[in-house]
Structures are given as C-alpha cells and as structure tokens.
Protein chains: 2
Amino acid sequence: MARANSRDRELRERAAAVIPGGMYGHQSTALLPDDYPQYFERGEGAHIWDVDGKRYLDMMCAYGPNLFGYANPQIDAAFVRQLGLGDTLTGPTALMVELAEAFVAMVGHADWAMFCKNGTDATTMALTTARAHTRRKTVVRAKGAYHGAAPWCVPRPTGTLETDRAYQIICDYNDVASLEAAVAQAGDDLACIFAAPFKHDAFIDQAEPELAYARRARELCDATGALLVVDDVRAGLRIARDCSWAKIGVQPDLSTFGKCVANGHALSVFVGNNKARNAAAKIFVTGSFWFQAAPMAAAIETLGLVRETDYLERITGLGERLRDGLAERAKAAGFAMRQTGPVTMPLFLFDDDPDLRKGFCFSSAMLERGVYVHPWHNMFLCAAMTQADIDGALAAAEGAFGDLARQSATLPPVGKLAFLAAGGTR
Amino acid sequence: MARANSRDRELRERAAAVIPGGMYGHQSTALLPDDYPQYFERGEGAHIWDVDGKRYLDMMCAYGPNLFGYANPQIDAAFVRQLGLGDTLTGPTALMVELAEAFVAMVGHADWAMFCKNGTDATTMALTTARAHTRRKTVVRAKGAYHGAAPWCVPRPTGTLETDRAYQIICDYNDVASLEAAVAQAGDDLACIFAAPFKHDAFIDQAEPELAYARRARELCDATGALLVVDDVRAGLRIARDCSWAKIGVQPDLSTFGKCVANGHALSVFVGNNKARNAAAKIFVTGSFWFQAAPMAAAIETLGLVRETDYLERITGLGERLRDGLAERAKAAGFAMRQTGPVTMPLFLFDDDPDLRKGFCFSSAMLERGVYVHPWHNMFLCAAMTQADIDGALAAAEGAFGDLARQSATLPPVGKLAFLAAGGTR
C-alpha cells in the first residue's frame, strides 16, 4: 500500500492550519480508509485523478452530481456560452422561465418550480411551504433519513437547539404501523410527511420503498389535508425521468431535486402542485446566486439529455451488470456481501462486519486497483460509464476479494468506526 | 413612458404559469415601479441589458456580486479553465486550501476559513459555531438587520415557527444602552452578538457603525465569553480589504462573506479565529456544491485583484463623486434627498415620502434615462464603473429631478408600498 501520495499529504498539512479539522462535510475522508486521497486534480467522463496523478473509475460521481460525465462537453458549452452573456445579474434571464417549464413538463406532479442552490434550500422550502399551506406545524419523517444540513434536519446536532427540531415526529421507513402512529400522534397539527424516495441512510442496508407504505403516506395526507413531500435531491433522475415515486405510481404534492439536475453545476429545485402554489408564493426565500443563468443553461441541456437519450436504461443495465458480477465473485470468494438500493445507486456491506473492517479492506483493495468505491455511503452510476468500465471494476473486485480472503483473519479493527460496532451513530 | 417591453411582458405571463407568484426573492420586481424590467438578457462591465434590448448603467451590481465587472475576462478565464479540469468532483482540489490561505492572509481576525454557497449558509454556520463553542443558546442581534433567508433569521415569518427563532434577543443598532440591556437579558446564556457591519436595512436610512457601539459589543463578548460575529455578506470588500469593522479597529471572532468574493460565481465564506476553531470543526455542515473548484478559482483571482489593484479607492472616489453631485442637483431642484450608508453602497430616500412616491418617480425617471437605481434597497458600486458613467448618472439625475419637480404635486400613491406609510413592514 506504499503509494506516492506526497502531494495529498502536503495539502492535508496545509489544510490543517487554515480549515477547522482539516476538512468538513461529506467530502472529508475522516471516516474513510487512511489510503483514500482527500484532494483531486481533475475529472473527465467517469474518471477522476487525485493530486498525485492516480486515475480512478469514480463510483461516487461527486456524491451524485455527475450524471452525464465530468466536464460533459455539451452541457459545459451551454454553461460557458451563458456565462459570457450573463450569469449572476440584477434579475433573472428567460432561462429561468424555460427551466421552470421544463421541470413542469418532466415531473408528473409538478405545476410549478422554484430554484435555489443547495439541496437543503429546497427541502427547507418544502417544509416551510407545507407549514404555510396548512397553517400547522408538525412534520413526520423517517428515522435516519437525510434531508440536508440545516438545523431542522441535521444528522448530528452539535451547535443546534432542540427548538430547531420542534414539532417533528420520527417514524420507521417502510413501516406502515409506525407511520400511522406518527400521524396519529400529530393529531390535527400534521403539516406534511417528508419521504425519502428510497431508504438511503449511511452505514446500513438501503431499501426500496414498499408500495403499501408509499400509498399509505399519500392516503394519510389526503385524509388530513397535509402535504406529501418526496425529497429526491439524492435519487432524482437516477430512478425515473420524473419524481422517483412515479415508478411506483404514488404522486407527492411537493418534491425536491438537486445534485445532478445541472450535471454538477450548482442548482437545486423545488417543485409542487397547484394545491401548494399560493403558500409557495408567500414564503420568504432567496439567495444571492439563486437566479444565476449559467447553471440554468446547463440544467436545460441536462434535461434535454434526460429526455432524448437512453441514459437511464443504460445506467440501469450497467448497474445490473455490476450487481450480478459482484454477487458472483463474492460468492466464489466465499463472502456474503449485501448489495442494496437501486442498481444505479448501490451500497455494498459485508455480513458480520460491525466496524466495517472487511468493507475497508475491500474498498482499499478496489482503490489500489483504480476503482473508487465507498465503504458505507451509497454510490452513483453515471452515463459516461461503459460496459468496459464495469468489467474493469469486476476484474478489480475479483482481485480485491482475493486480498480480503488472504487478510480477513487478521484485519485490524477500524478505530474510527468503533462507534458503529458499539451500536452508536456518528 | 411607452417602452416596447413586449418580451418582458411575455416572459412574465409564461412565468405566472410555472413559478409561484410569477417570481420570488430579492430579484422579484413586485415592490418596484411597474416599468422596471423583470428579465435581463446580458451583462458586461458595469452595464446590463434587459430582454427588450435596453441598456442600463447598473447601480445594483446584481445586489452585490458584481465587484469587478460583469463577465470580467480575467476572473471568468480562471473559472472556465478550472471548469475544464474539474469543478464538482468527489473531493476538493488544492484550490480550496489556497483559497482558505488567501482569506486567512486577507482578513485580520481570521485564522481559518470554510466555504459554502449562500450567504445564509455562512451566517447559519456562524450561529451554530457560536452555540457549539459556548454551549449556550442566546443570540443578540439588531432589529431589522438582514442575516439571510433561513427560518432563524427570515424577515417575513410565513411558514416558519416561533421555535425557529427561540433564544434570540433583539436590540437597536448603534444603541449602546439597548445592546447592554439585551446582553443583560441573556444572562449567563449569551452565545454571540450578531452585528451588521453597518445598518443596511431596507426602506430606511442606512447608518455607519458607531465606534462606541462596536467597541461595547466587543467588550460584552469578552466579558461573557460569547463570540462576536460580523456578517459581512453584503458589505464585504466594499468597505475594507479585510473585515469591514477593521476600518474602525474592532475585530470580531467570526465573520461571513459572500456575494462578490468570486465576482458573481456562487461562493460564500465563513472565517474565524482560533478561539472558535474546535467548535467550527465539530458542527455538521455540508452541501453538494460546497467543494466546487471553479468558483474557488474565480475567488482566488478576485482576491488577487482586491490585493493588487486600487479598486477600493476608485469605487470610493466614484461613490463620493456620485454623492456630492446628487446632493448638489437635488438641492438645485429643491428636493431634500437623504443619501446614506457608505458611498460604495448608497441608498437614496426623499424627505416627506412615506409611500416612496417621490422615490418611485425619481427611480423610474432614472431608469428611463438608462440608469438602473433602486428606490428602497441599498445599491452597489463596482470597479468597472468609470467617471464618465457617474457623470452620465448625474446628468440623468438632473433630468429625473426635473421630471419629479414637474410631477411631484400630482404623484399617485404607491399602492404596493402602502404598508410603509401605515408604519408596517413587508
């Protein structure tokens, strides 16, 4: 594992002086194996290069934003063209209207759209709109589901207050009885049910939404006048060319998109139906960069590729090839590896691996072979990946399982994930 | 006032169908004179063009982000170069470290920096860090001061809850006794004092910070162990090449930047001193686009221009020329126009103008003459403006005062601002 990673080490040392803790947020490598690079040099198509020049097939796709390939020529040309005309101006451009029309045309339940920068902006707007619409306070949402990094939804509460999370009731995902109990507890104060399109919490198996659960959420909202929200920031456009729950035939009132809607350019989206239009018009929301025209030009181009190409069928096919090939190789090597979630957003976890020492060993062995996988967060496929890329990843996995087999009896504990084995959370 | 604004009208009609209320946020023209365009086509240097082809000297500078000119060739070349290498990747690039180093070098009180997208992200991080550092809850902030659009600081509460604003005490800006009373009320629970660099509330006169007030805020924080925050999102880099309060010799613990730090590219910044470093490292904050490399490349270029050019002296000189020239012309025309705030961020209000009918008339007359001014929000100067631009604006003002003089006895009420005359807020 002797990599020449001197540039990465040098940057980490400099960062330690000028960035609290050296790095923050989901792209910090603090909870990844020690050999994972922190800093990258460039990206192209499905590949990234770290600052020491090593190239990887990137199974994270920037944690979602890369859907049509890094530095996609068509999308970035539209962005750069608009940048030359005008990006952040004293008002919006016509692109904002065109993009709202494109979202309304694409998302079945949407009658209108609003644009912002962070996924968290969109989910917070959904919450605020539901409260404004119903003039009620209480939100029901599933345990562990990530809806952003604002005080009302932050997964680790340091520095936030209990009052920031007042009027929230937590239920279990896919558990109809738990959902019903939460709604009953809300009484006549239910403003909304906040649903993840599928269960994509970190560190644990993912789960597809059960139809009975999704339908019951819709019924409970209809019965109480509350709004149903599907937070599609992470999953949007990798499950359907529509809201992800369109696939199972359940329409929310509100939904949120982000990450890949402009293929990596900063844009997120809040859409809703006519029921919520007046409330959405009344909330106070804004941001210095929310009206930027260049990311909207990129989004219009991205939605064009969504409509006009077979990207979804292709990444689904690649995801199935990866899942089947990995299952076969894991079995052959004698490992019980669980692959969960949609095939376009897979997560790999090993049985009997409480502190993820097997997962760390496997991931590091993949990394060494030029495939960047994540040991505990769902991954993302992109349309720039080819069958050859997937076959290369499978060849790497065969080697990685071999490494794991040789080392598995003597793997060291993963100290940084000891909290998992102890049953805790981050 | 017969402008051929058919393209703007057409876009407004289309927007009404797909955007709640037709438009939202600070760039909605709902509270501007009816002849103000909603949609723009392009920007270059100090000028913008609306979608009907009319060109304006833009005194709003995109509400701040334009500091070195729209489509600045040097800054945008750095952005586009980085975009081709990699922007939103699976981790940050070396530019993040370089940019943190540049902020630490530039901002006197800063020992570290963190990056995000919205100004609101940065102010929320400051609040959370102060609460994490002190393990206390209460924040003292000034009445009417805008610190963003999150539920804890939103100026219009529709859809948010009182609990979102729990543990806040409001004082009057520049009023030492009011500040002391608020701090006394906080007792042993004061986490931070949140200060605007100057009083820049909408609809009312702006005010420079009084030294006694700023010093007392610093003393009260030192005495209680609370942190002093200066929210420089709006004012940053237009008052000093440092935190804006460096000009009056008062150093906060934390401060926030945004808007113009990457000359219009989406980036905001949270900086602080070593006292708060551990707390800043512990809060949970992140965003899909917070690690984007291209806006960081643009920010590094922008900070280079901040360091190496006389932009601040030039925009200050232009602002003084504008202020003096306007005062002279207002007086000659017999109007009492109050010009408040730093000369680089001016606000114009007329005496005896409760519903801003004089302000609307004057602003429309300026707009007609190709100068985009705002009747109730502070404006912004940029380094792409020339003496000729300012002289053109003064010539326009001479004509606009003439229009106002002819019409002032018969100006219609401004219905959309009737709430102001009634003493209310939006």
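Let's start inside chain A: helix α9(A) passes helix α11(A) in a right-handed crossing. A crossing is right-handed if the near helix is turned clockwise from the far one by less than a right angle, and left-handed if anticlockwise. Helices here are DSSP runs of H or I with at least four residues, strands are runs of E with at least two, and both are numbered from the N terminus.

A quick word on the source. This is a predicted model, where local features need pLDDT of at least 70, side-chain atom pairs count only at pLDDT 80 or more, and totals for chains, interfaces and linings use all residues. Residues are numbered from 1 along each chain as its sequence is written, while chains are lettered from A and ligands numbered from 1 in the order in which they are written.

Back to the pair. α9 (residues 311-333) and α11 (residues 387-407) of chain A have axes that come within 10 Å and cross at roughly 20°. That makes α9(A) roughly parallel to α11(A); angles under 35 degrees count as such. Axes are lines fitted to C-alpha atoms, for helices over the stretch in contact, and angles run from 0 to 180 degrees between N-to-C directions.

Who touches whom? From α9(A), the residues include Leu318(A), Leu322(A) and Leu326(A). From α11(A), they include Ile390(A), Leu394(A) and Phe401(A). Contact means C-beta atoms, placed from the backbone, within 7 Å. By class, this contact has 11 nonpolar, three polar and three charged residues.

Now the whole chain. Chain A has 12 helices and 13 strands. Its C-alpha trace spans about 60 × 55 × 45 Å along the principal axes.

Next, the partner. How many residues of chain B are in contact with chain A? 93, and they meet 93 residues of chain A. α4(B) gives the largest share of chain B's side, seven residues. That side has 49 nonpolar, 28 polar and 16 charged residues.

One helix pair spans the two chains. α3 (residues 94-106) of chain A and α1(B) pack at about 35°, with axes 9 Å apart. This time the crossing is left-handed. Val97(A) and Val104(A) are among the α3(A) residues in the contact, and Leu11(B) and Val18(B) are among those of α1(B).

Methods: Parallel < 35°, antiparallel > 145°, perpendicular 65-115°, else oblique. Contact = placed C-beta atoms within 7 Å. Nonpolar A, V, L, I, M, F, W, Y, C, P; charged D, E, K, R; others polar.
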